[in-house]
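Here's a quick walk through a two-chain model, going from one residue out to the contact between the chains. Keep the viewer open as you read.

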Amino acid sequence: MPVWQTLYDELKDKGFMVVAVAEESRGADHARPWIEQAKSSYWQLVDTEHRLEDLYNLVNVPQAIWIDEQGRIVRPPETAGSTDHFRRMDLKTRTMTPEDQAERLAARQAYLDAVRAWVNTGKHALPADAARAALPKVTLEIAEARARFRLGVWLRTNGRTAEGDRQLAAASRLHPESWSMWRQAADLDEVGKASGPDFWKRVQALGDRAYYPPPKL
Amino acid sequence: MTRILTPTDEYEVKAHDGLWMAAADAERVTGWTLKPEGMCRDELCVPMPASAVKGSEIDVAAFWTKLGGPVIASEARDVWALGAPAEERNTALEGLQAPDFTLPDIDGTPRSLSQLRGRKVFVATWASW
């Protein structure tokens, strides 16, 4: 997030805005300490029902969408600067090799530079056909998963935890590509659990597929 | 009372036998109006099967299913989620006009994407989990 503040400070006088959206089904208070610490001057919004994921067909965090002055999507949802290097880290020490750390930072830098170039020159904005082709399709299963997710979060929030858990698990089964759904289903009482052994097992099962698909810049 | 969750709102309505309710409540929840030709919104009307209309009451579950939207009930059938139809989402995204949304900041002030028209906007998600 400090990088987004830097980006915003640098580009705000050029008609640029950053909207950061916290996907927090557990409630706004989970996002609060981060937001208060960040002291951002761009918008920090809280999405306790994951509405943005529903509207834009998102599957993980962080994902970004680029929207131009006319309100048109010029880059559909894509990974916002994160990479898969974490998959190779030493789980005991939770550290990456210096090479991986350097590559990871370089990839993040390249993505931020792409945002800069877009604001300054319009570069990287996709023509309509390419933008359309890059959109992930909403299937009937995904639509059902979203409705179950909505109901599950409501049930959890209103004290009907066990039933809410079942709805979230069903949602995750219907939409297995959504890491966000899986993590909300796996996690609630313990944050650590969502990145515990089950998480790593599921990440390993991806094989050659990416956890954070790199943006095609 | 039956609670209905739509993608952006939450309603309490008097319903029976699932989601049978007065046409006025159906309109409040779905934005569609019962007319002789069916359920209508703007210029568009969707014919309703005779089995889903009785006098001035309609079966919203049947109507929503006909629209292609998911209808999910809690075990006690007191809370229902009406999800957005997949095709509605796809059509909106393929039009490339960024779907508007309104979400609160941490102080509860609502903010809408549409307030930022005229600027380039970088929308990015994150989470504490």
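Two residues are in contact if their C-beta atoms, placed from the backbone, lie within 7 Å. By that rule, and leaving aside neighbours within four places in sequence, A:Gly152 touches A:Gly164, A:Gln167, A:Leu168 and A:Ala171.

Some housekeeping before going on. This is a predicted model, in which local features need pLDDT of at least 70, side-chain atom pairs count only at pLDDT 80 or more, and totals for chains, interfaces and linings use all residues. Residues are numbered from 1 along each chain as its sequence is written, while chains are lettered from A and ligands numbered from 1 in the order in which they are written.

**Around A:Gly152**

A:Gly152 sits in helix α6 of chain A; helices (H or I, at least four residues) and strands (E, at least two) are DSSP runs, numbered from the N terminus. Is A:Gly152 buried or exposed? It counts as buried, because it has 30 C-beta neighbours inside 10 Å. The cut-offs: buried takes 20 or more other C-beta atoms within 10 Å of a residue's own, exposed 12 or fewer, and partly exposed is in between, with C-beta atoms placed from the backbone. As for distances, 8.8 Å separates the C-alpha atoms of A:Gly152 and A:Ala169, which are 17 residues apart along the chain.

**The helix pair**

α6(A), residues 140-157, packs with α7(A), residues 161-174, at an angle of about 160 degrees, and their axes are 8 Å apart. That makes the two helices roughly antiparallel. (Axes are lines fitted to C-alpha atoms, for helices over the stretch in contact, and angles run from 0 to 180 degrees between N-to-C directions; under 35 degrees is roughly parallel, over 145 roughly antiparallel, 65 to 115 roughly perpendicular, and the rest oblique.) The residues meeting here include A:Ala145, A:Phe149 and A:Gly152 from α6(A), and A:Gly164, A:Leu168 and A:Ala171 from α7(A). By class, this contact has nine nonpolar, four polar and five charged residues. Ala, Val, Leu, Ile, Met, Phe, Trp, Tyr, Cys and Pro count as nonpolar, Asp, Glu, Lys and Arg as charged, and the others, Gly among them, as polar.

**Onto a sheet of chain B**

Over in chain B there's an open sheet of four strands, ordered β2-β1-β10-β9, with mixed pairing. Strands β2 (10-13) and β9 (71-73) of chain B stand at the edges with a single partner each, so one side of each has no neighbour in the sheet. Neighbouring strands are turned by 25 degrees against each other on average, direction ignored. α6(A) packs on this sheet, touching β1, β9 and β10 of chain B, and its direction makes about 145 degrees with that of β10(B).

| Strand | Partner | Bridges | Direction |
|---|---|---|---|
| β1(B), residues 2-5 | β10(B), residues 79-82 | three bridges | parallel |
| β1(A), residues 16-23 | β13(B) | seven bridges | parallel |

In β10(B), B:Trp80 stands opposite B:Ile4.

**Where the chains meet**

The contact takes 42 residues from chain B and 69 from chain A. On the chain B side, β13(B) gives the largest share, seven residues. By class, that side has 26 nonpolar, eight polar and eight charged residues.

Terms used:
Pairing = 2+ DSSP bridges.
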